[in-house]
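This report walks through selected residues, a domain interface and a set of salt bridges. Please keep the sequence and the model in view while reading.

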Amino acid sequence: MQFRVVTDQPWDVPADVLVVPVVADPAFDGPLGELDRRAGGELQALARFGELTGKRYATALAAAGELRAGRILVVSMGDPAKLDREIVVRLAAAAERRLGGRSVKRLAFWLSPLAEQLDGGASAVAGLVARGVLEGSYDPRTIYREEVDLRLPVIDELILVAPGADLAALTREAERGIVIAEGSSLARTLSNRASNDVSPEVLAEEARAIAERHDLWIDVIEPDRATKLGMGMFMAVGRGSDNPPRMIVLRSGGEGERDAIDRHLAIVGKGVCFDSGGISIKPSARMEEMKMDKTGACTVIAAIATVARLAPGTPLLAVAPTVENMPGPHSTRPGDIVTALNGKKVDITNTDAEGRLILGDALTYAERLGATHLVDVATLTGAVSRALGNQVTGAFGTPQSFYEEVVAASERAGERLWQLPLVDDYVCEMESWYGDLQNSGSPEGSLVKSGLFLREFVTRPWVHLDIAATGYYRKAVPYAPRGATGASHATLVELALAGARVD
Ligand code: BES
Ligand code: MN
Ligand code: ZN
């Protein structure tokens, strides 16, 4: 997709479709009134007809009268006081998806109605809209099919329309937005791929190709070395499968190198290529979703690639413990005791609480490689989905100052987090008779306990993001298809870029 920024008035821009964001109950004065007049009053007619419901992401097509665009696509932003960066991305994606299967090659998007409402104005909106349009064109249904009539949106050129704006600044932001969208798309495709396609070794191969492309250092730790290193929790999960585990480690910048704000940041992603539950096997209903359990790993691999494109050389470490959790004669049994990389003896009371086991060793390993700050991303619990649903990522972290830095990054990225408490009083419920701790305690407070377990394996500032619900959608919404969403990719990118050197 090509893009261009123009400072012309929206009615002067030639395109197949002009996207016009509107508030609920628009007043039709100022430029919107002028646009409506030139469109022969079509927009007011739509409003009178009851077609502009004002519901956020609702869309309506209108004739364009004397405009130079062929048609108008109105997209509702709902209550303008509630507009935020996430909504801007989604409005753009919803507009793009609404046009699927229509003959639209050149899409113009009028930024001003959004720029008036959002902090950061037109240049922020340019970045978010470019990203949203590209993210809206993502569809996983072509991963395993070539020629099918899926009525996918295909746009050759996006024209960002911002009268009076700073052309250079908008162009820069839009370019950045497109790189972020491409990274998110890479993460989504990796996680949407099936488990018979993406084994730990295949994900490692993908990581090697990405490392090559972006000049990243890579190390893939195979079972013999992982065992010698003492990654007992990581190895315990992978044992039941014929597809051996891989600890994938990527780095930009030098070993242990500090970034511009004196961090060696590590991003760690859960890579369970299939989670059957192991011997503590899951019920069969919806088990096919568990191919998505590698989403955290796919996200950190894509995020380091995006950072390498936007600010090459920025110090960043990505660790993706990758396994398949399967039942079999070699599987870990409930009650098995293993030694973690940090020396703790862990009583595996439930083989389905496997994410925390592989992440624990990966977090320890990241610290050994010099990480001073750690963020892990994982489809860790069903409980986070019951607590928060698929619109907010659950987050834990300590100390609070680092948590706030991650929240600030998520706000720049247009992604919502909600903090969950690390309640020390529950630690005793994770104690084990035979070991130092068990991986799964009683079900009460199990979401908090998942965070507490991970905390046992970090000694530095750390945040955990549970994307079990936000990481993929079970059904399509106006701004996204079913499948992986790319959630937290942009947050990780923004967090890492806070440490980029500016020269
Ligand atoms: N991968 C699952 C969590 C999950 C469930 C992600 C549903 C997406 C949708 C994780 O490994 C798991 O099985 N968690 C258990 C933990 C429990 C055994 C303590 C859970 O949430 O039930
Ligand atoms: Mn599990
Ligand atoms: Zn899992």
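P315 sits in the loop between helix 10 and strand 11 (316-325), where helices (H or I, at least four residues) and strands (E, at least two) are DSSP runs, numbered from the N terminus. The model is a predicted one, in which local features need pLDDT of at least 70 and side-chain atom pairs count only at pLDDT 80 or more, while totals for chains, interfaces and linings use all residues. Residues are numbered from 1 along each chain as its sequence is written, chains are lettered from A and ligands numbered from 1 in the order in which they are written, and side-chain values use heavy atoms, with hydrogens and water left out.

With a relative accessible area of 2%, P315 is buried; the term buried stands for under 20% relative accessible area, exposed for over 50%, and partly exposed for what lies in between (1.4 Å probe, protein chains only). Leaving aside residues up to four places away in sequence, P315 touches S252, G253, E257, R258, D259 and H264, contact being defined as heavy atoms within 4.5 Å. P315 and L497 are 182 residues apart in sequence, yet their C-alpha atoms are 9.4 Å apart in space.

## Helix 15

L497 is also one of the buried residues of helix 15. In this helix (residues 489-497), nine of the nine residues are buried, so the helix is largely enclosed by the rest of the structure. The buried set consists of H489, A490, T491, L492, V493, E494, L495, A496 and L497.

The protein chain is divided into domain 1 (2-165) and domain 2 (187-497), with bounds that come from an automatic or database domain assignment. Taken over C-alpha atoms, the centres of domain 1 and domain 2 are separated by 36 Å. In the interface, 14 residues of domain 1 are in contact with 22 residues of domain 2. The area buried between domain 1 and domain 2 is about 1500 Å², of which carbon and sulfur atoms give 49%; buried area here is the accessible area (1.4 Å probe) that two parts lose on being put together, summed over both.

Across this interface the rule finds 13 residue pairs in polar contact, with both residues at pLDDT 80 or more. A polar contact is a pair of N or O atoms within 3.5 Å; within protein, one must be able to donate a hydrogen and the other to accept it, and residues adjacent in sequence count only if both atoms are side-chain atoms. On the side of domain 1 that touches domain 2, the elements that give two or more residues are helix 3 (85-98) and helix 5 (121-136). Helix 3 gives the most to that side, with six residues.

## Salt bridges

Side chains of opposite charge can pair when their charged atoms come close. A search of the whole structure finds 29 salt bridges, each being a side-chain nitrogen of Lys or Arg within 4 Å of a carboxyl oxygen of Asp or Glu. Across the interface of domain 1 and domain 2 the rule finds one salt bridge. E86 forms a salt bridge with R416, and their closest N and O atoms are 2.7 Å apart.

K270 pairs with D293 in a salt bridge whose closest N and O atoms are 3.2 Å apart. K270 lies in the loop between strand 9 (265-269) and strand 10 (271-275) and D293 in the loop between strand 10 and helix 10 (295-310), so the pair ties together parts that are 23 residues apart in sequence. K270 is buried at a relative accessible area of 2%, and D293 is buried at 3%. In the salt bridge of D275 and K282 (3.8 Å, N to O), D275 is buried, with a relative accessible area of 3%, whereas K282 is partly exposed at 22%. E201, E205, R208, E222 and R246 are linked in a network of salt bridges.

S191 is placed in helix 6 (residues 167-192) and counts as buried at 1% relative accessibility. Not counting residues up to four places away in sequence, S191 touches K291, M292, K294, T295, C298 and A484. Q400, in helix 13 (residues 400-413), counts as partly exposed at 37% relative accessibility.
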